Protein chains: 4
Amino acid sequence: MTLSGIIAYPITPFTNDGRDIDFHTLGKTIELLIDNGSDAIAPLGSTGESAYLSQDEWRQVAKFSVEKVAKRVPVVVGISELTTQLATEKAMFAESIDADVIMVIPVSYWKLSDQEIQSYYRTIAESTTLPIMIYNNPATSGVDMAPELIVTMFKEIPNVTMVKESSGDIQRMHKIFELTSGQLPFFNGCNPLALEALCAGASGWCTAAPNLIGALPKQLYESVINKELSVARNLFYRQLPLLRFIVSGGLPKMVKAGLALNGIDAGSPRKPLLEANEDEIKALEILLSNI
Amino acid sequence: MTLSGIIAYPITPFTNDGRDIDFHTLGKTIELLIDNGSDAIAPLGSTGESAYLSQDEWRQVAKFSVEKVAKRVPVVVGISELTTQLATEKAMFAESIDADVIMVIPVSYWKLSDQEIQSYYRTIAESTTLPIMIYNNPATSGVDMAPELIVTMFKEIPNVTMVKESSGDIQRMHKIFELTSGQLPFFNGCNPLALEALCAGASGWCTAAPNLIGALPKQLYESVINKELSVARNLFYRQLPLLRFIVSGGLPKMVKAGLALNGIDAGSPRKPLLEANEDEIKALEILLSNI
Amino acid sequence: MTLSGIIAYPITPFTNDGRDIDFHTLGKTIELLIDNGSDAIAPLGSTGESAYLSQDEWRQVAKFSVEKVAKRVPVVVGISELTTQLATEKAMFAESIDADVIMVIPVSYWKLSDQEIQSYYRTIAESTTLPIMIYNNPATSGVDMAPELIVTMFKEIPNVTMVKESSGDIQRMHKIFELTSGQLPFFNGCNPLALEALCAGASGWCTAAPNLIGALPKQLYESVINKELSVARNLFYRQLPLLRFIVSGGLPKMVKAGLALNGIDAGSPRKPLLEANEDEIKALEILLSNI
Amino acid sequence: MTLSGIIAYPITPFTNDGRDIDFHTLGKTIELLIDNGSDAIAPLGSTGESAYLSQDEWRQVAKFSVEKVAKRVPVVVGISELTTQLATEKAMFAESIDADVIMVIPVSYWKLSDQEIQSYYRTIAESTTLPIMIYNNPATSGVDMAPELIVTMFKEIPNVTMVKESSGDIQRMHKIFELTSGQLPFFNGCNPLALEALCAGASGWCTAAPNLIGALPKQLYESVINKELSVARNLFYRQLPLLRFIVSGGLPKMVKAGLALNGIDAGSPRKPLLEANEDEIKALEILLSNI
């Protein structure tokens, strides 16, 4: 199982003031992402408010997504749990429903030592045969995994096979490349770094942007692959203001607001997250119409 | 309900490789803290691994603690939840079991805006008549509440009546004092800042240290109250190396290791948190014997 | 030579759009500082725009200050040079004019290693018999000296005998105290930390505030010495808004503006530093009148 | 005057324990840089220890460099001064000796407001007809100029025509591009970001690396221009370990050590900067031989 290209992140839509999951709309956005050329679908990521769901909700969304995608592309299921036990249970469930990959981020309350992080991943990895994508996103998870640690786990844990780097620091990607002579596939998880990550050798781009701007991210990826650097640069600068805006406002809030502007009512994020306010919606509308 | 002095934090002891709660030992440590002169007991704080417990476990620990303390001193129950819904349910439960205060920290995955934080506290506050202590600890929760925001909530939400400041920045306490002319009681939540916080006017000190060093924190508090500044300084520098060590190593891990050295087997923290390693235990032993 | 209490920092007044030094006003402010009970006078510090003067101007200000103070209190001459050579020349000059102490801060362009910092201080120390106060102020100098490094130099270089800590981190002062069992005298160099530094055992407070608020800083120092903690706290919170304001606006600019409000025309800082604007002057006026 | 490609930075070699300038070796390194295809020569930059020279030395190096280059390529003279007055004098001198461009960085002791920075650049710009390259390098200068400020000065000050961005943050370059629709030429000043900066549209790369690795930087530049992205990536990863090493060790120290390994004795940096130690020299030797 090797992934490349655009790994697209659905939101998790709620009805009823954030209380119930709206599977109908979830299905619609999954179709939208596939239609836009996504090379994989990744439910239950940061964009999917994974950390805000109950265990039961998480299972329902995972199962629904795998069934909806129906092997048209690989499904990467996100796991973000504070305890090793719950993360392991989710990993086993993901395998049981025939997901293709799990993407695992160790959220923290107390800071984790490298040894604790390794033990976390090792325990999860031993519970499943699925390939694991390490997900580093210190801004949301509170855990920052250095390239050296990531590479050690890649070398020592057989089913750790990919990494999504969302720290926003291109030097991390350089280091991962160097330490493995390019053998550890890394994916860009920081939207405003997409051009550079791909130029530096990223295997792909993990992004929720296709929810709002269709095939543009895929076109950027392909133009880099095809060495059309001026085309890539133009495509990147065209998307960049929107990418920056949805990231800085928070992806669940902004993607849901953008979907609404495009005619898909995906409800509000779960509280305490609030929906976009009027100023944000106006700014988003302008950004979308300018693309 | 006004608190002052030492608010002491029990650990949550586990048996069976971190899977079950050891209520017998929990009871013992609560007695230990009361014996050492604690002015309030605060189960389910950061030290109590609140964030790592299931909803059901959390309820059991809260109930047990309230019953064990049995009104000898006030019980401050800690709530650290990602969603407003779950935090509100816990607040109502705390009231139902006759806890005295709830201490609330809004842990985050996606960064929260000030409006989202206010809405979080307001919703919780409306669900209970218990007094609420705002708990600011950006290093663990990922949410940093500025003094201005804290003071706004104190002024606008009737049952927000106290704050525990654990950012480690004494200037935050100055600002809280100034903005309210000293009317908002603030508690020090950063052990290595205890002397200065008390000198700057803190109402008390929230600490797990009495688990390991008995009445020393209380003596420090009292010497400041009695204006015996040289005594206070001596007491502080005597405790400081230990305080710094248990904070930097992580309180659940280090307090449990220290209790074991003192003859109380409190088990290990819940995974991915690991127990203290040999070097840490040796260092802790030396620090404890030097006091 | 041991110092304690208030070490007061004169500004360097300029005439003629910042081009020439106004010795008449310099003399006036030195008298003002002595009248307000300062225990030492420290020309050519950060407040004195030391780094902005030509070598010749620096020498003139140093000589004038020593003569003006005329041994009524010790004179601490500030040296902030990029190269070891120029710093050494100034140290020798300070001794030649009979200054009492030199306060040395190693400003940087390229980051300095600990070895480079030690070599810098050692070379300067070997050129003079004057006692040296190490001055740590990373925000202005770009060099951050850890307590461990400072203590090493204190132990290894005979005439390094004091330290001014301006990082604003009270934990640095704790560490200096611990590493030397209180034997290395440390001075607070961060105005909004004055109360806590003195409570934690600082020998004194290095400050430009007496230029504007007379004997208040000295009273704060004495109330801590006399263990009148409530008095100290009141004095501190009374001064704090002003202290914070002049620090955040930049001391040369704000002290000069404040002196003007008090009837002493000290001119503008040297360009690119600009004088306080109207809003700043108004805010300063209110803060001064509220004390 | 528009620049593009590789702007190469000579060191300033000293003889006699850092006291005198070694013009013979300076000439040799300038020839070396031109031979390696440099598109411009930039004496008196960070690498050239500009901030560590006396006014007189600075003038001699500027004059010598312009004469040595003799219009074969443009000469960009670096100015890094604390006061507006001295910076202006240097700007006028640079014009008087027929330099082509001045690169100006406002080093700071007291933090500068945007207004102070603008006034600094404006005053310098009014003293000369030379084009000015704004140089942003917060790590060395202590001044961080946001893209918005840089663009404002580009729009308002006629002879501000280029920017060298050394903050290491690719997002700054994105912002400069966006705010000017690509009209403000920006140069990469952070060696380990060379590939990404060029891919993102940088006009060139300001670097001391050609002192040690000959034409490799120029080849990287050209491969990006020619859209040979895999070639560029290979060239970049080949150079990267060395680039990272010389930056983190300090360019003057490391470039001088590397020149010595290549048979050019360029002496030591000026104190307090020390020469590379044995371990550093060994590491450098390995990195150079691996390329």
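User: Which residue is the bridge partner of C:Ala8 in β4(C)?

Analyst: C:Ile41 of β4(C) is the bridge partner of C:Ala8. The model is predicted, with local features requiring pLDDT of at least 70 and side-chain atom pairs pLDDT 80 or more, while totals for chains, interfaces and linings use all residues. Residues are numbered from 1 along each chain as its sequence is written, and chains are lettered from A and ligands numbered from 1 in the order in which they are written.

User: How do you know that β1(C) and strand β4 of chain C pair?

Analyst: Two strands pair if DSSP finds at least two bridges between them. Over two bridges, β1(C) and strand β4 (residues 40-41) of chain C pair in the parallel sense. Strands here are DSSP runs of E with at least two residues, and helices are runs of H or I with at least four, each numbered from the N terminus.

User: What makes strand β1 and strand β10 of chain C a pair?

Analyst: Four bridges join strand β1 (residues 5-8) of chain C and strand β10 (residues 204-207) of chain C in the parallel sense. Among the residues involved, C:Ile7 has C:Cys206 as its bridge partner in β10(C).

User: Why are β4 and β5 of chain D said to stand at the edges?

Analyst: In chain D, eight strands form an open sheet with parallel pairing, in the order β4-β1-β10-β9-β8-β7-β6-β5. β4 (40-41) and β5 (76-80) of chain D each have a single partner strand, so one side of each is left without a neighbour in the sheet. For β4(D), pairing with strand β1 (residues 5-8) of chain D is parallel over two bridges, and D:Ile7 has D:Ala40 as its bridge partner in β4(D).

User: Why is α11(B) called roughly perpendicular to α7(C)?

Analyst: The axes of helix α11 (residues 229-249) of chain B and helix α7 (residues 170-179) of chain C cross at roughly 105° and come within 11 Å. That angle makes α11(B) roughly perpendicular to α7(C). The class covers 65 to 115 degrees, against under 35 for roughly parallel, over 145 for roughly antiparallel and oblique for the rest. Axes are lines fitted to C-alpha atoms, for helices over the stretch in contact, and angles run from 0 to 180 degrees between N-to-C directions.

User: Which residues of α11(B) and α7(C) make the contact?

Analyst: α11(B) contributes B:Tyr237, B:Leu240 and B:Pro241, and α7(C) contributes C:His174, C:Phe177 and C:Glu178. By class, the residues of this contact are four nonpolar, one polar and one charged. Nonpolar here means Ala, Val, Leu, Ile, Met, Phe, Trp, Tyr, Cys and Pro, charged means Asp, Glu, Lys and Arg, and the others, Gly among them, are polar.

User: How many residues of chain D are in contact with chain C?

Analyst: Contact requires C-beta atoms, placed from the backbone, within 7 Å. By that criterion, 25 residues of chain D are in contact with 25 residues of chain C. α3 (84-96) and α4 (114-126) of chain D are the elements giving two or more residues to this side of chain D, and the largest share, four residues, comes from α4(D). This side of chain D has 13 nonpolar, eight polar and four charged residues.

User: How far apart are the closest C-alpha atoms of chain B and chain D?

Analyst: The closest C-alpha atoms of chain B and chain D lie 21 Å apart, and no contact joins the two chains.

User: Why is A:Thr47 called buried?

Analyst: A:Thr47 has 27 other C-beta atoms within 10 Å and is therefore buried. The cut-off is 20 or more such atoms, with 12 or fewer meaning exposed and values in between partly exposed; C-beta atoms are placed from the backbone. A:Thr47 is in the loop between β4 (40-41) and α2 (55-69) of chain A. In an unreviewed entry, UniProt lists A:Thr47 for "binding site"; such annotations may be inferred rather than shown by experiment.

User: What makes A:Tyr135 and A:Lys164 gather at one spot?

Analyst: UniProt, in an unreviewed entry, places the feature "active site" at A:Tyr135 and A:Lys164. Leaving aside neighbours within four places in sequence, A:Tyr135 is in contact with A:Met103, A:Val104, A:Ile105 and A:Lys164.

User: How do you know that A:Tyr135 counts as buried?

Analyst: A:Tyr135, in strand β7 (residues 132-136) of chain A, has 29 C-beta neighbours inside 10 Å and so counts as buried. A:Lys164, in strand β8 (residues 160-165) of chain A, also counts as buried, with 27 C-beta neighbours inside 10 Å.
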